[in-house]
Amino acid sequence: MDADKLAHLYRLIFRIRHVEEEVARIYPSDKIKSPIHLSIGQEAVSAGVCAALQPGDIFFGTYRSHGPYLAKGGDLKKMFAELYGKFTGCTKGKGGSMHLIDVAHGYMGSSAVVATTISHAVGYAYALRLRGSSAIVVSMFGDGASEEGAFHECINLATLHSVPVLFICENNLYAVHTHIRLRQKLNSIFERVRPYGIQSERVENNDPIELYNLVKNAADEMRRTHIGPRFIEVMTYRWREHVGPGEDYDAGYRDRTEAEPWMKSDQLKRIGEMLDPKVRMKIEEEEKDAIRKAIQFAEESPLPAPEELYTDMYKD
Amino acid sequence: MERIITYSEAIREATEQEMDRDPNVLVLGIGVPDHKGIYGTTKNLQEKFGTARVLDTPLSEDAVTGFAIGAALAGLRPIHIHIRMDFLLLAMNQLVNIAAKCRYMYGGTVSVPIVVRAIIGRSWGQGAQHSQALHSFFMHVPGLKVVAPSTPYDAKGCLIQSIRDDDPVIFVEHRMLHSLKGHVPEKEYTVPFSKARVLFEGSDVTLVGISYMAVECLRARQYLGGVGINAEVIDPVSLSPLDIETITRSVQKTKRLLIVDTGWTSCGSSAEILARIAERFDEVGQVRLRRMGFEPVTCPTAKNLETLFYPNSQKIASMAYRLVHGEKSSWMPAVSDAPEIKEFKGPF
């Protein structure tokens with residue numbers, strides 16, 4: 001990976017981490033009136049995938065949306081304004097944290113119902129191919145989604161039509177508070193999908209560089225040939241609670257010792273140390289400044305007017 | 001000279017003309033390109049437009065509905081066909097949580113222009129899971145439009161309007177309407193969702209018939225004419241949005257309203273129309289209101305029980321008579337099964 005790419009990767013990981021730490025800092029003030037599902041610890045997945053994409057590529061995410069939204073280039077000011085429930089937010093204060101969208105940057109939305117956006121990615125990719133576009137579509141979801149029937153229907157549909165979808169399964173071991181060993185016989189989602197006729201791999205350690213290379217090769221191949229969909233499972237770990245700003249290692253469902261190896265191999269620290277310290281500092285200052293301005297923008301923005309309750313229900 | 005074609009031919013013609021006009025129109029669903037062609041409504045479309053625009057699908061209602069939504073987000077206009085409305089229950093998450101909500105929860109940044117054609121089955125022992133009319137489920141949810149035209153003319157115009165509409169439309173067709181004939185212009189036209197259709201003017205009682213029940217209301221009107229009752233018959237055409245003004249004006253004139261649904265009455269379309277009318281009349285007793293629909297049981301298959309289960313022109317005429325002459329009066333016209341029901345032999 002060349003120096004510029006590495007710097008960009010670091011910028012994305014840093015942006016997500018710092019945005020979410022700021023969200024967690026602000027949260028007790030009750031200015032953010034929306035459930036938040038933080039990606040802290042999982043930033044490398046969104047960053048590694050999106051760093052390998054083209055601007056015209058499309059991304060569908062889930063309610064743990066801040067990471068993928070930001071990595072795909074989603075507008076920072078509009079995101080904070082949305083969390084604040086302001087009219088200047090990316091959905092004018094109508095969607096909140098779980099429904100971030102930025103059409104201009106190809107981030108096509110996030111759903112609060114698990115596995116719900118996977119089929120949208122497949123249909124979107126079908127439409128792109130029908131029009132002769134070389135863009136690809138990323139569908140990102142968690143390990144819990146692989147237990148929904150829709151997941152299996154979608155893998156079948158995507159392979160059947162050879163559509164250019166890259167499935168990214170973020171396996172953080174937990175669906176809300178339930179460990180995968182209590183939900184699945186084998187913790188091997190990437191192997192389970194292969195009989196559908198899809199090439200599938202796994203990144204074991206949350207490594208964004210390995211993930212970047214896999215995605216880059218897969219995306220290039222999908223653009224060049226009509227090879228159809230690809231599947232990548234990434235093992236990662238959520239450091240904070242399922243929903244909310246804090247930690248929950250004392251809640252009884254998991255132990256801090258499970259998290260410690262992931263924290264020790266923190267990808268923010270690892271990638272940061274690969275950079276020239278001056279480059280790293282510049283990135284951090286620029287990102288902190290942009291985030292500061294975005295928070296100020298959200299603070300100063302107006303609430304939606306009462307009549308906004310009734311707009312955007314139908315086209316006319 | 002008037003051109004007369006069937007309801008299913010009208011649907012096929014609307015689909016073909018829109019596919020000719022707009023390359024973004026896509027047709028998909030289980031069995032769409034097979035030799036039966038969804039009662040002829042999709043016949044030969046794949047031969048003309050190719051396998052990329054006319055798709056058979058896996059038996060995955062959930063994923064295929066989401067697929068249609070995704071394609072719509074990318075700018076296509078998919079028509080997703082379900083040969084039985086009962087199968088929509090497998091797609092409720094996508095229809096209610098996504099299609100209905102995308103525009104609003106994404107702050108007006110996206111459109112989901114999908115058409116979901118849902119066919120209500122009936123007759124020849126269709127039974128519990130091939131006969132349900134669940135249109136009221138969708139009327140409950142803001143963000144979805146629900147239309148249920150009863151004439152070939154409205155079927156064509158409403159389908160074209162549905163395809164061109166930028167919001168999701170549930171297009172409800174009753175299986176018993178498919179063989180019915182009527183005047184349909186050859187060239188393209190749209191029928192707006194904002195207007196109920198007065199099929200026959202009258203002065204004594206207003207009959208509102210939903211989907212296929214509009215046909216049975218017209219038959220009831222004939223029987224009622226024989227006993228000196230002049231019924232007005234209205235087809236709402238669109239259930240959501242609902243043109244309550246046209247129905248209100250009629251009830252102001254007749255002071256009597258009977259709504260006949262091809263579905264259950266509890267929390268149904270008839271309940272909704274009745275409630276909206278009741279809210280518009282200040283004094284209790286100013287108007288007399290009744291409704292009729294499926295009996296409150298699961299649809300049986302034995303012919304005699306099935307006949308009891310459904311409303312029909314005889315039951316409609318009899319209740320309308322009581323609305324006009326009082327509950328103690330009693331009259332029932334001698335009628336036989338409707339021809340489209342008698343002639344239907346299945347197995348589909």
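**Reading the contacts and folds**

Author: Let us begin with the interface, bearing in mind that the model is predicted. The contact draws on 35 residues of chain A and 31 residues of chain B.

Reader: Which elements give two or more residues to the side of chain A that touches chain B?

Author: They are strand 2 (107-111), helix 5 (118-130) and helix 6 (149-160) of chain A. Helix 5 of chain A provides the largest share of that side, ten residues. Sorted by class, the side of chain A that touches chain B comprises 18 nonpolar, twelve polar and five charged residues.

Reader: Which residues make the contact of helix 6 of chain A and helix 3 of chain B?

Author: Helix 6 of chain A contributes G149(A), A150(A), E153(A), C154(A) and L157(A), while helix 3 of chain B contributes D62(B), A63(B), G66(B) and F67(B). These residues divide into five nonpolar, two polar and two charged.

Reader: Let us apply the description to a pair within chain B. At what angle do helix 1 and helix 7 of chain B pack?

Author: Helix 1 (residues 7-21) and helix 7 (residues 152-164) of chain B pack at an angle of about 30°, and their axes are 8 Å apart. Helix 1 and helix 7 of chain B are therefore roughly parallel to each other. The crossing of these two helices of chain B is right-handed. From helix 1 of chain B the contact includes Y7(B), A10(B) and I11(B), and from helix 7 of chain B it includes P152(B), A155(B) and L159(B). By class, this contact has nine nonpolar, one polar and three charged residues.

Reader: How is the whole of chain B to be read?

Author: Chain B has 13 helices and 14 strands. The radius of gyration of chain B is 20 Å, close to the 20 Å that the globule rule gives for 348 residues, so chain B is as compact as a globular protein of that length. Along its principal axes, the C-alpha trace of chain B spans about 60 × 45 × 45 Å.

Reader: Into which domains is chain B divided, and how many residues of domain 1 are in contact with domain 2 of chain B?

Author: The division is into domain 1 (4-183) and domain 2 (197-342). The C-alpha centres of these domains of chain B lie 27 Å apart. In chain B, 25 residues of domain 1 are in contact with 23 residues of domain 2. On the domain 1 side, helix 6 (135-139), strand 6 (145-147), helix 7 and strand 7 (169-174) of chain B each supply at least two residues. That side of domain 1 of chain B has 14 nonpolar, nine polar and two charged residues.

Definitions and conventions. Residues numbered from 1 in each chain as written. Chains lettered and ligands numbered in written order. Predicted model: local features only at pLDDT ≥ 70, side-chain atom pairs only at ≥ 80, totals over all residues. Contact = placed C-beta atoms within 7 Å. Helix = DSSP H or I, 4+ residues; strand = E, 2+ residues; numbered from the N terminus. Nonpolar A, V, L, I, M, F, W, Y, C, P; charged D, E, K, R; others polar. Axes fitted to C-alpha atoms, helices over the stretch in contact; angles between N-to-C directions. Parallel < 35°, antiparallel > 145°, perpendicular 65-115°, else oblique. Left-handed = near helix turned anticlockwise from the far one by under 90°. Domains from an automatic or database assignment. Rg over C-alpha atoms; globule rule 2.2 N^0.38 Å.
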